[in-house]
Amino acid sequence: MRYTTEIQQKMLERKNLIPLIEKYNTPMWVYNADIIKTQIKKLKKFDIIRFAQKSCSNIHILKIMQRNNIKIDAVSLGEIERALAAGFQPKDHNIVFTSDILENDVLQKVIELNIPVNAGSVDMLKKIGKISPQYPVWIRINPKFGDGHHLKTNTGGENSKHGIWDPLEALAIIKQYNLNLIGLHIHIGSGVNEKNLYQASLAMQKYAIQINKKIQFISAGGGLKIPYTSLDQETNISNYFETWNKTKKIISSRLKCPIRLEIEPGRFLVAQSGILIAEIYSIKKIGKNTFILINAGFNDLMRPVLYGSYHKITVLHKNPINEQKSSVIQGIIAGPLCESGDVFTVTKTGIICHRKIPQVHIGDYIIIHNTGAYGASMSSNYNSRPLIPEILYKNNKFKLIRRRQTIQEMLNLETSL
């Protein structure tokens, strides 16, 4: 566990996890609140930290953000309701709604609560303008380039559906409907190369000066890297802030108005806080391969099958004696789903690969690390498997923050009509 923080190490001790497993059974998600707070502190120089809640939307995680003066980004009506349930008040720009379309029920809610809208299309601006002149809006700019740890996480350039291609067209709509432009937003992708993150700040400067309208905010978006492997480097936050702060000062000076600098992290705040614990149910020899089958699948953790993502994997032996005797084996960790792609150890291109792990036995546990972002929030009921519980580790205690869904609860959506 060379690149797991000392904070996480304490939570991962056998004396903590075995009783937890006995109480709630596997599979389960576990989050460490102290790691989230540590990550928040790294961003304290920014004027505003706005959490991209799509990365980890449990209400209890959102409460941690709210209590630490983090604002919230919502991308659906459900996320607006989650933010409200977590204690976020729809004032002082605490909640911003970001999307590329504006559904009717969402429009009704944001106007009712006066939640600013970060518009990713001119159609959104037209829809707001027709019924609510003077409404506070942002422009989400597509800067004509993007980046990401995978093609599917690139949110800029002509192959991305996100953002407004021509900000001047958006500005014309804003003027036509007398909307109140308060901010500019650029987000080019997730897990972005630092060079491109800095390039985004230059794009922000260019477009803000081109638009030439007094605004209150600029957003650097998210996309900050975290170390999934021992070779990965976390984004250099100090350098990143200095670059964007210079951009803020230039824009503020040119537009002759005070501006606040936002950053909108998701994975950076929560990824390293989370683990997925599952139990080994079968060890199968298939030709030269050894498949280790666990009771969690891509319906729980989708990132490996969707993005070819790497997650560190460790073993917790049920019998502590086996820890001392274990030799190293080459295993392929896979789930129970009726899908050949239900595998957690894959290359970036999705090809299955071996992982060196200690010798394991049926009944031992597999821990998949760095799953706090885009883990539970992307999970599904595929194969009619219930959603699994979420546990929060805080003040050296474990607290259930989402119970295990029952099969009957799934069926109720179809039978209780």
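Reader: Let's begin with helix 3 and helix 4: how are they oriented to each other?

Author: Keep in mind that this is a predicted model. Here's the general idea: two packed helices are described by the angle between their axes and the distance between the axes. In our case, helix 3 and helix 4 (residues 59–67) pack at an angle of about 40°, and their axes are 11 Å apart. Roughly parallel would need an angle under 35 degrees, so helix 3 and helix 4 count as oblique to each other. The crossing of helix 3 past helix 4 is right-handed.

Reader: Which residues of helix 3 and helix 4 meet?

Author: From helix 3 it's Ala33, Ile36, Lys37 and Ile40, and they meet Ile61, Ile64 and Met65 of helix 4. Sorted by class, that contact has 6 nonpolar residues, no polar ones and 1 charged.

Reader: Okay, on to charges. How many salt bridges are there?

Author: The idea is to look for a side-chain nitrogen of Lys or Arg within 4 Å of a carboxyl oxygen of Asp or Glu. By that rule the count is 7 salt bridges. One of them joins the side chains of Glu234 and Lys42, at 3.0 Å from N to O. Glu234 sits in the loop between strand 8 (217–219) and helix 10 (237–255), while Lys42 belongs to helix 3 (residues 33–42), so this pair ties together parts that are 192 residues apart in sequence.

Reader: What does Asp47 pair up with?

Author: Asp47 forms a salt bridge with Lys248, and the closest N and O atoms are 3.0 Å apart. This pair also links distant parts of the chain: Asp47 is in the loop between helix 3 and strand 2 (48–52), Lys248 is in helix 10, and they're 201 residues apart. Buried means under 20% relative accessible area, so Lys248 at 15% is buried. Asp47, at 33%, is partly exposed.

Reader: And which residue does Lys109 meet in a salt bridge?

Author: That's Glu81, with 3.3 Å from N to O. Here Lys109 of helix 6 (residues 104–113) is linked to Glu81 of helix 5 (residues 77–85), 28 residues apart. Lys109 is buried, with a relative accessible area of 18%, whereas Glu81 is partly exposed at 36%.

Reader: Where is His93, and what is its phi?

Author: His93 is in the loop between helix 5 and strand 4 (95–99). Its phi is near 60°, a positive value in a residue other than glycine. His93 is partly exposed, at 23% relative accessibility.

Reader: What about the phi of Asn212?

Author: Asn212 has a positive phi as well, near 55°. Look for it in the loop between helix 9 (194–211) and strand 8. Exposed means over 50%, so Asn212 counts as exposed at 55% relative accessibility.

How values were computed: Residues numbered from 1 in each chain as written. Predicted model: local features only at pLDDT ≥ 70, side-chain atom pairs only at ≥ 80, totals over all residues. Heavy atoms only, no water. Helix = DSSP H or I, 4+ residues; strand = E, 2+ residues; numbered from the N terminus. Buried < 20%, exposed > 50% of the residue type's maximum accessible area, 1.4 Å probe, protein only. Axes fitted to C-alpha atoms, helices over the stretch in contact; angles between N-to-C directions. Parallel < 35°, antiparallel > 145°, perpendicular 65-115°, else oblique. Left-handed = near helix turned anticlockwise from the far one by under 90°. Contact = heavy atoms within 4.5 Å. Nonpolar A, V, L, I, M, F, W, Y, C, P; charged D, E, K, R; others polar.
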